[in-house]
Amino acid sequence: MQLPCEKMIIAVLSGDDEAEVLRDLTENGYYVTVLNSTGGFLKRKSVTLMIGVTKERLPAAIELLKQHGGVRSETAFIPMPVESGLPPQPVNVQVGGIVVFVLDVDSCEKF
């Protein structure tokens, strides 16, 4: 069965933001595939979303993701080498935000 999908959005976001973003996307009729991943400075859970859309629905999907794309500051504790004898040091880091890639789709079929 041919599906109406002309663009593929690949969005990478913090695992902390996953539930809220998924809720808003599905409430607005978007079908989402979730891939769990880790990355970034703190090696925390991140989530990669794959969202197939028509050209007409692309701007609304991007706008919805932008609403959740806020970056925030958080204090993290960086472990020090054992030989130093120092306790973990606090560091302010930026967390959150969403990185979005939009790709053209030649074909999309469901079997």
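Modeller: Because the model is predicted, local features need pLDDT of at least 70 and side-chain atom pairs count only at pLDDT 80 or more, while totals for chains, interfaces and linings use all residues. Residues are numbered from 1 along each chain as its sequence is written, and side-chain values use heavy atoms, with hydrogens and water left out.

Colleague: Which residues of helix H2 are buried?
Modeller: Helices (H or I, at least four residues) and strands (E, at least two) are DSSP runs numbered from the N terminus, and H2 covers residues 58–67. Buried means under 20% relative accessible area, exposed over 50%, and partly exposed in between, with a 1.4 Å probe and protein chains only. By that rule the buried residues of H2 are Leu-58, Ala-61, Leu-64 and Leu-65.

Colleague: Within what arc do the buried residues of H2 fall, seen down its axis?
Modeller: An α-helix has 3.6 residues a turn, so residues three or four places apart point the same way. The face of H2 turned away from its buried side carries the exposed residues Pro-59, Lys-66 and Gln-67. The buried residues line one face of the helix, because, judged by the directions from the helix axis to the C-beta atoms, they fall within an arc of 130°.

Colleague: Which residues touch the most other members of the largest nonpolar core?
Modeller: A nonpolar core is a set of buried Ala, Val, Leu, Ile, Met, Phe, Trp, Tyr and Cys residues joined through side-chain atoms within 4.5 Å. Among the 16 residues of the largest one, those touching the most other members are Ile-9, Leu-25, Leu-49, Ile-51, Val-53 and Leu-65.

Colleague: How many residues apart in sequence are the parts that Asp-104 and Lys-7 tie together?
Modeller: A salt bridge is a side-chain nitrogen of Lys or Arg within 4 Å of a carboxyl oxygen of Asp or Glu, and the side chains of Asp-104 and Lys-7 meet in one at 2.3 Å, N to O. Asp-104 lies in strand E6 and Lys-7 in strand E1, so the pair ties together parts whose separation in sequence is 97 residues.
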